[in-house]
Amino acid sequence: MQAEINIGMLGHVDHGKTTLTSALTGKWTDTHSEEIKRGISIRLGYADFKVFRCPKCGKFSMSEECSCGGKGELLRKISIIDAPGHETLMTAVIAASNILDGALFLIAANEQCPQPQTIEHLIVLQSMGVKSVIVVQTKIDLVTKEKAIENYRQIKAFLKGTVVETAPIIPVSAHYHLNLDELVKRIEMTIKTPERDESAKLRIYISRSFDVNRPGAEMKKLKGGVLGGSIIQGVLKKGEKIEIRPGVVKKAGGAPIPILSEAQSIMEESESLDAARPGGLIAIGTTLDPSLTKSDALVGSMVGRPGEMPDALSSIKVKYEMLKRTDLEIAPLRDGEPIVVNVHTATGVGVINGLAKGIVTVVLKKPMVAEKGGRVALSKRVGQRWRLAAWGMVV
Ligand code: GDP
Ligand code: ZN
C-alpha cells in the first residue's frame with residue numbers, strides 16, 4: 001500500500017513538530033545535510049503512518065491492535081513531510097506546496113500565542129492556498145486545564161479572519177501520546193484523499209538520488225542508480241520508459257542533455273509497487289549508471305515520460321509578492337541582484353534581469369525545469385545568509 005496524501009508540518013520552532021511526527025509515525029525525520037546548514041537547498045523529510053479504525057469501538061489509531069482488544073481495519077497510509085529549521089521549512093513549504101494535500105499547524109499550549117514564527121507560518125499557509133489545515137495545540141501535558149483553555153482562546157482570537165479561522169483545534173501531548181486518536185480521526189475527516197487524474201502527464205519531483213551499491217560490489221551484481229521523489233500527477237508503472245530533465249551538462253555553460261532510462265522497480269519505504277501514484281516518497285530503481293545518481297546528484301530534476309517533458313529554462317519569470325517577515329526587514333528586489341530560486345525540489349541560483357508589474361525575471365546560472373503555475377520561493381542575500389524574501393508562481 002502506498003501513502004495517499006502528504007501532510008506538511010508547520011509551527012514555531014520547538015513547538016513539537018519533530019516529536020509529533022515521531023509519535024505518529026514512529027520515525028524521526030532525518031533531514032540534516034551541509035547544504036541545509038548553508039541555507040540554500042531544501043530537503044524534505046518523509047515519514048509514513050497507517051491509519052486504522054477499530055470496528056468494535058470505532059476508535060482511530062496508528063496501530064492495528066486497539067486498546068479495547070479489537071483488531072483495527074486499515075483505512076489508508078499517510079505521509080508526513082517535515083523540514084528542518086525555520087528558513088528551510090518556510091522555503092520548503094512554499095516550493096513544495098504543490099505536493100501538500102494538507103497541513104498540521106502546531107501551536108504550543110505552554111507559550112503565549114502567537115509566537116513570531118507562528119505568524120509567519122500562517123502567512124505562508126494563507127499565501128500557498130493549502131486547503132485543509134488542522135491546528136494542533138501541543139504540549140498539553142505541561143499546562144493546567146485553565147491554562148489550556150486560556151491558550152485555546154488566544155489561538156481562536158489569533159486565527160480569526162484568516163483562512164484557517166474554522167480549522168479544528170486538537171489538543172495533544174506527543175510525549176504521552178494523549179489524544180492522538182482524536183487527531184488521527186480529524187485528519188481522516190478533514191484531509192481527504194483528492195481525486196487524482198490518472199491520465200494526466202506523469203510528473204515526478206526528485207528530492208534525492210543515490211548509488212545503492214556497496215564499495216567493492218561485484219560487477220555483475222551492480223544495481224542501477226536510484227531516484228527518490230514525489231509523484232505530483234499521473235501514474236508511474238514498473239517497466240516504463242522515463243525521461244529525466246534537465247539532465248547532464250557535458251561541458252560548462254552548455255545545454256543540458258535529457259537522460260533516458262527505465263523504471264525497473266518502484267518502492268515506497270520497504271514495499272515494492274507495480275505502479276505508483278501521488279502521495280509519499282517513492283524510490284525508482286533505474287537502468288542508469290549509478291555514478292549519475294550518487295550523492296543526490298539529480299536532486300531538483302523532474303521525471304516524466306519521454307516526449308512529454310517541458311524544456312529546461314535558462315531564465316525564469318515569476319509573478320511574486322514580498323513576504324512580510326516579523327524578524328527582519330527585507331528590502332525590495334533589485335535589478336542585477338543575485339537570487340536563489342526554489343521551485344518544487346529544484347534550487348537555482350541566478351541574477352535578476354528585469355522587474356516589471358510584479359513580475360521578476362531571473363537569469364539562471366544553470367538551467368532548471370519548472371512548469372507554469374509552479375510555486376516559487378525567492379531568497380536574497382542578507383548579510384552572510386540567503387533569506388526568504390518573496391514567493392510567487394512561474395508565469
Ligand atoms: P520542533 O522544533 O517544532 O520540531 O520541536 P521538537 O519536536 O524538537 O520539540 C521541542 C521540545 O519540546 C523538545 O525538547 C521536545 O521533547 C519537547 N516536546 C515536544 N512535544 C512535547 C509534548 O507533548 N510534551 C512535552 N512535555 N514536551 C514536548
Ligand atoms: Zn477498539
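Mentor: Start with Gly26, which follows helix α1 and has a positive phi, near 80 degrees. Helices here are DSSP runs of H or I with at least four residues, strands are E runs with at least two, and both are numbered from the N terminus. Before we go on, keep in mind that this is a predicted model, where local features need pLDDT of at least 70 and side-chain atom pairs count only at pLDDT 80 or more, while totals for chains, interfaces and linings use all residues. As for bookkeeping, residues are numbered from 1 along each chain as its sequence is written, chains are lettered from A and ligands numbered from 1 in the order in which they are written, and side-chain values use heavy atoms, with hydrogens and water left out.

Now back up into α1 itself, residues 17-25. The rest of the structure largely encloses this helix, because 7 of its 9 residues are buried. Those buried ones are Lys17, Leu20, Thr21, Ser22, Ala23, Leu24 and Thr25. "Buried" means under 20% relative accessible area, "exposed" means over 50%, and "partly exposed" is what lies in between, using a 1.4 Å probe and protein chains only.

Of the 14 residues around ligand 1, the ones that come nearest are Asp14, Lys17, Thr18, Thr19 and Asp141. To count as near, a residue needs a heavy atom within 4 Å of the molecule or strand in question. By class, this shell has 3 nonpolar, 7 polar and 4 charged residues. The sorting puts Ala, Val, Leu, Ile, Met, Phe, Trp, Tyr, Cys and Pro in the nonpolar group, Asp, Glu, Lys and Arg in the charged one, and the others, Gly among them, in the polar one.

Asp141 puts a polar side-chain atom 2.7 Å from a nitrogen atom of the ligand.

Moving on to ligand 2, you'll find a zinc ion coordinated by the SG atoms of Cys54, Cys57, Cys66 and Cys68 at 2.2 to 2.3 Å. Donors are N, O and S atoms within 2.8 Å of the metal (3.2 Å for Na, K and Ca), and sites may look incomplete because water is not among the atoms. Along the sequence, the zinc donors follow the spacing C-x2-C-x8-C-x1-C. The angles among the 4 donor atoms run from 103 to 117 degrees, and the site is tetrahedral. For comparison, the ideal angle for four tetrahedral donors is 109.5 degrees. The label tetrahedral asks that all angles among four donors lie between 85 and 135 degrees. Cys66 counts as buried because its relative accessibility is 14%, whereas Cys68, at 35%, is partly exposed.

Further along, look at Arg305, in the loop between β17 and β18 (313-322). The Arg305 side chain reaches the backbone oxygen of Val235 at 2.8 Å, and a polar contact of 2.4 Å joins it to the side chain of Glu240. A polar contact is a pair of N or O atoms within 3.5 Å; within protein, one must be able to donate a hydrogen and the other to accept it, and residues adjacent in sequence count only if both atoms are side-chain atoms.

Asn342 is another one to click on. Asn342 lies in strand β19, residues 338-343, and is buried, with a relative accessible area of 1%. Its side chain makes a polar contact with the side chain of Thr347 at 2.9 Å.

To finish, since we began with a positive phi, here is another. Lys357, in the loop between β20 (346-356) and β21 (359-368), has a phi near 50 degrees, a positive value in a residue other than glycine. Lys357 is exposed, with a relative accessible area of 86%.

Conventions: Tetrahedral: all angles 85-135°; square planar, octahedral: opposite > 155°, others 65-115°.
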